[in-house]
Amino acid sequence: MEYRKEKLSLFMICDIKKIIAEALYNIIKKTTGETRQDNLSKEEIAGMIEYPPDINMGDLAFPCFRLSKIFRKSPNVIAETIAGEFTRDVEDAVPYNKIKNISCAGGYINFTLNDKYYIQNILNDIFEQKDKYGSSNIGDGKTAVIDYSSPNMSKPLGVAHMRPTNIGNSIKKIHQFCGYKMIAINYIGDWGTPQGKILAAYKLWCNDMTEIEEKGVYKLLDLYVNFGVEAEKDERLNDMARSWFVKLEQGDEEAVGLWKKFMGISVAEIKRIYNIMGIEFDSYDGESFFEDKMDAVVEELKEKNILKLDQGAQIVDLSEYNMPPCLILKTDGATLYPTRDIASAIYRKKTYNFDKNIYVNDMRQNLHFAQWIKVTELMGYDWANNCINIPFGLMNFGGQVMATRKGNTQLLDDLLKMAVEKVETIMEEKNPGDETLSKEEKKEIAKKVGIGAVMFGDLVNSRIKDVNFNWEEALNFNGNSGPYVQYTYARACSVLEKNDTDIDYKNIVITNNLEREIIKLLSQLPEKVLIAEREYEPSVICRYLLDICAVFNRFYHDCSILKAESAEIKNSRLALCEAVKYAIGNGLWLIGLEKTNKV
RNA sequence: CCGUCCUUAGCUCAAUUGGAUAGAGUAUCAGAUUCCGAUUCUGACGGUUGCAGGUUCGAUUCCUGUAGGACGGGCCA
């Protein structure tokens, strides 16, 4: 259930780190002797290489602290020794044409790389790969199923649905960028007594399909909320809901007809919102889809002698694993949530033969996932280990967890609309009467920036953190925000558009530390993507985007690009612009935002 | 009672998974930009990383305890 936490091996993706790691490896091996068991491997060394806090110290750094146990000397002395070895034994250890300077400080060996090699190496990668820069092949040939968003039918999406939807969508894209084949599943809550309540409420207070068709899920939500209120006063309503659900289960013509109608309306509405956010699914197999697949699971559990009768219910005892029992069948023989999850996991394995089976759900469900995944393991399925629960923090509204049942839903549709309107207003304020863009273009841009702002704001923090939703904050586009990133992207595009010379990315000169800083950040995109993949953490990409935007904006402010001192410098800076454009563009794609070359 | 997660600047959050002087945004104050796009940029202010121990060269990070908060814990999903 927990994702892997081992140190990321960057050995295969970063050429420069690889070269330095190899040189370090040879020196360490030579100094300590071949036979030592505790020597670091090349991969470990590559993983230990980091970036100095200040670019004046160097481009890459190797900490010698772990070596002090092996060498039995202070990290400082070791650093000096190794650095000395680098310069002494140039022929077989030092790629001297690639490293300009080596220095030691506080137990670190700092490497300043040769501009010509370092910069060229990175820019070659970027200009050759363009919109694939940052991608990798660690997932090639593998399939991952990802289950996210999963709203309930007959209800509109609330602002709280944004988190699972965005996080899932971004994790999907990050995996795609790593080579995985992705299957996105929207496991809609379309079964159970809530459906009986909707049917009962409809029959009691509406019974008019034309009204439902006009007002859509919003009318269904009204009915549902009203049902909750009325049922508090009159217990008989719940009996009605139960009997309607029984009718549905038994295939009653009217019940099934209504249910199908409501389902169609619901899916049309959520697809409309997903479309606005640029989100797509491969499957909408919801809970009802697995209704006829659970008996087999129960039979299998019985056969394998895992089930146990306890207080009238069929359970799987998990006390051995320090967990409460997992309920499979109720006293009345009805199935439960874990039963359905096990059935769907088995189905997904059979249908997609996944290498990873990812679930994006709020952290309240952690125990349930741990339980049913453990049960599938006990059933003897080795792929149970590949079922991964990715929890995220809860969204509160005014100190209360949002619940449609209580009718305090804040609609996602409203949030998106307000975001777009707000951007339209700001655009009008900044460029009153601007004629360079048509009305349609302005609308299109406002949509991209507005929706992007909301999505970025949702993804920028670690997913495990709780969120206190308030309208002002959700619509605050200052500072570290989506618009800042999109604006910077547009700015880079704008410069490139105004340029009429050909850019020669193979002939680059660097004149200051800002340019160097940009190169350094650009070089990090591939490993950031791998970190985001390993940790299922889109915020890694968001943070990276903010970093690169901050440096690029400083560079843009301080350095003339089109009016640079010489043709050579102009060419170099334009190349940086274009490289930044690719990096930001790819980052935006990874978190599900649209690009605009004008704002 | 048991379990999981969270706690870092006034506020919202980072910190290369145990590393160099703990960094951004926001708010406040002071500035820059005759210019490639002012949703930009530069400063200043802001810290006993909840608290107490422990592990070691080194802890915001790992362990134990403790306080506060959120959420779970057999017939809901």
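Guide: Two strands pair if DSSP finds at least two bridges between them. Strands themselves are DSSP runs of E with at least two residues, and helices are runs of H or I with at least four; both are numbered from the N terminus. The model is predicted, so local features are taken at pLDDT of at least 70 and side-chain atom pairs at pLDDT 80 or more, while totals for chains, interfaces and linings use all residues. Residues are numbered from 1 along each chain as its sequence is written, and chains are lettered from A and ligands numbered from 1 in the order in which they are written.

Visitor: How many bridges join strand 6 to strand 7?

Guide: There are four, and the two strands run antiparallel. As one example, K308 has I315 of strand 7 as its bridge partner.

Visitor: What is the order of the open sheet to which they belong?

Guide: The order is 6-7-8, three strands with antiparallel pairing. Strand 6 (307–310) and strand 8 (326–329) are the edges; each has a single partner strand, so one side of each lacks a neighbour in the sheet. Neighbouring strands are turned by 45° against each other on average, direction ignored. For such angles, axes are lines fitted to C-alpha atoms (for helices, over the stretch in contact), and values run from 0 to 180 degrees between N-to-C directions.

Visitor: Is strand 3 mostly covered or exposed?

Guide: A residue is buried if 20 or more other C-beta atoms, placed from the backbone, lie within 10 Å of its own, exposed if 12 or fewer do, and partly exposed in between. By this count, five of the six residues of strand 3 are buried.

Visitor: Is Y536 buried or exposed?

Guide: Y536 is buried, because it has 23 C-beta neighbours inside 10 Å. K130, with 13 other C-beta atoms within 10 Å, is partly exposed.

Visitor: Which residues come nearest to RNA strand B?

Guide: A residue is near a molecule or strand if its C-beta atom, placed from the backbone, lies within 6 Å of it. Of the 71 residues around RNA strand B, the nearest are A61, F65, K330, S462 and G479. Elements giving two or more residues to this surface include strand 1 (60–63), strand 3 (108–113) and strand 7 (313–316).

Visitor: Which helix gives the most to that surface?

Guide: Helix 19 does, with eight residues.

Visitor: How do the residues of the surface divide into nonpolar, polar and charged?

Guide: Ala, Val, Leu, Ile, Met, Phe, Trp, Tyr, Cys and Pro count as nonpolar, Asp, Glu, Lys and Arg as charged, and the others, Gly among them, as polar. The surface near RNA strand B has 35 nonpolar, 19 polar and 17 charged residues.
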